[in-house]
Amino acid sequence: MRFIQKLINKHTLSLASNAIMPVLGMAILGLMARHLSKADFGDYIFFLVVFNLADTFRTGFLQTSLIKYYAGASPQRAANIAGSAWYIGLTIVVTFGLGNLLLFFILSYTGASPNMFLITKWLGIVYLCSLPTTITTWILQAEQRFDRLFLVQLINQGGFFLFILLLILSGYISLQNSIYCYCLNSIISSLLAIFTGWSKIKAMGSKSWASIKEMAHFGKYSVGTSISSYLLRSSDTIIIKMMFPPQLLAVYYIPQRLMEIFEIPLRAFIATALPVMSASVHRDDKKHVAYIMKKYAGMLTIALIPVAILSFLLADLIIGLLFGSSYQHSDAGNIFRIFMCFVMLLPIDRFFGITLDIIGKPQLNMIKVFIMLTINVFADFAGIFIFHNLYGVAIASIFTFFSGAIFGYWALKKHLQFSVKDMFYLGYLELNELISTSYKKIRNR
């Protein structure tokens, strides 16, 4: 029991919180793909894409700024920031809702399809109902309460999974009922967040215009970064759909989807690092900010090397086990191998970006992502022109992430003292210590 208690810490809880969303999300999509018609499932994907784009705007505008100013602040300052975040969040929702309402009336007179009409009708409502849960996850991350964060995300995603199962078992699965359940689940999760007090909705009375302007000024850069990152992830898909037959999109989508496995520990480490780095910024302790960045980026990079090598060798086997024999010896395996050539750059690129945000240079992070997006688009077309296949698009990603890492290093060196050598050395020491400590605990157990 004591070993289990030691095993459950903020790092493992953060990992669990970040793993549960993509894992359950993939399971939900798998169930719906099997029980909805292709047309309805396609429209549900469209609903998710539009909702995620709107949520990306909200998250990009508020998440990093809330954590930056909330973590390590005094109780009065924290309440002020939480209340200001609620005010900005509601403003975004109302603005989006008015635009969605206008679109709803336009579609009413233009004779849109029933599914499109349904999606437009409920999109703004779901966006509003999900706001308390969304703000709660940011606040809990800033407070480093990953136990509560795990519970909120488990109820949020797990609840929708149960709703879909009930619809399938009762024979009432449909696009309309799925969206109803999505909305109902958002309400349940948000009510939990409000009644437990974790959402800090009562702090709205503590908001101030100074803090609202401060967060909005920061957010105007971070939202550009978030939207650009979303477009960066989607640009390959859009270009492939334009340039190749539709069936090749699935071949490229499979290795892209597998990359989410590497995103899970990365998001977990970022979730634990952000509040600590923010608190260090409040203390004006740049050395500790650089230490945290080097520690986490170095540990993750070194840890990913053997995983990337193993994935490179077993690419066809992994794809066959997860997606079926029809994709096992397709181009998907080689595309996944190409991705493994730059997967070690992901921690460095991501931590350079969040460190720029946290030290108050979000405009530089935004420029970094713009550069990556521009290079990715041009390199995609150049790769297609040279290779005339999907490999050209995959190889373009190597140049994309190298450009992001190089610009991030150049930008951060102006504000923090560190080197790439320090990053790998510290990462090796920290990872070695973590493995040794864990091994000793297991032996003692």
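## N100 in helix 4

In this predicted model, N100 is part of helix 4, which covers residues 75-110. Because its relative accessibility is 9%, under the 20% cut-off, N100 counts as buried. Beyond its neighbours within four places in sequence, N100 is in contact with T120, L123 and G124.

## Q141 in helix 6

Q141 belongs to helix 6, formed by residues 131-142. With a relative accessible area of 8%, Q141 is likewise buried. Neighbours within four places in sequence aside, the contacts of Q141 are Q63, I67, F146, I270, A271, L274 and P275. To one of these residues, Q63, the side chain of Q141 makes a polar contact, side chain to side chain, at 3.4 Å.

I45 lies 96 residues from Q141 along the chain, and 28 Å separates the C-alpha atoms of the two residues.

## Nonpolar cores

The largest nonpolar core comprises 111 residues, and Y44, F47 and F351 have the most contacts inside it. Helix 3 (residues 38-70) gives the most to this core, contributing 12 residues.

Another core, of 6 residues, lies apart from the largest one; its members include L140, F146, L149 and A271. Two of these residues, F146 and A271, are also in contact with Q141.

## Helix 9

Helix 9 runs through residues 209-243 and has 35 residues. From first C-alpha to last, helix 9 reaches 49 Å, close to the 51 Å expected at 1.5 Å a residue. At S234, helix 9 bends by about 40°.

Methods: Residues are numbered from 1 along each chain as its sequence is written. This is a predicted model: local features need pLDDT of at least 70, side-chain atom pairs count only at pLDDT 80 or more; totals for chains, interfaces and linings use all residues. Side-chain values use heavy atoms; hydrogens and water are left out. Helices (H or I, at least four residues) and strands (E, at least two) are DSSP runs, numbered from the N terminus. The expected span of a helix is 1.5 Å times one less than its number of residues. The bend at a residue is the angle between axes fitted to the seven residues ending there and the seven starting there. A nonpolar core is a set of buried Ala, Val, Leu, Ile, Met, Phe, Trp, Tyr and Cys residues joined through side-chain atoms within 4.5 Å. Buried means under 20% relative accessible area, exposed over 50%, partly exposed in between (1.4 Å probe, protein chains only). Contact means heavy atoms within 4.5 Å. A polar contact is a pair of N or O atoms within 3.5 Å; within protein, one must be able to donate a hydrogen and the other to accept it, and residues adjacent in sequence count only if both atoms are side-chain atoms.
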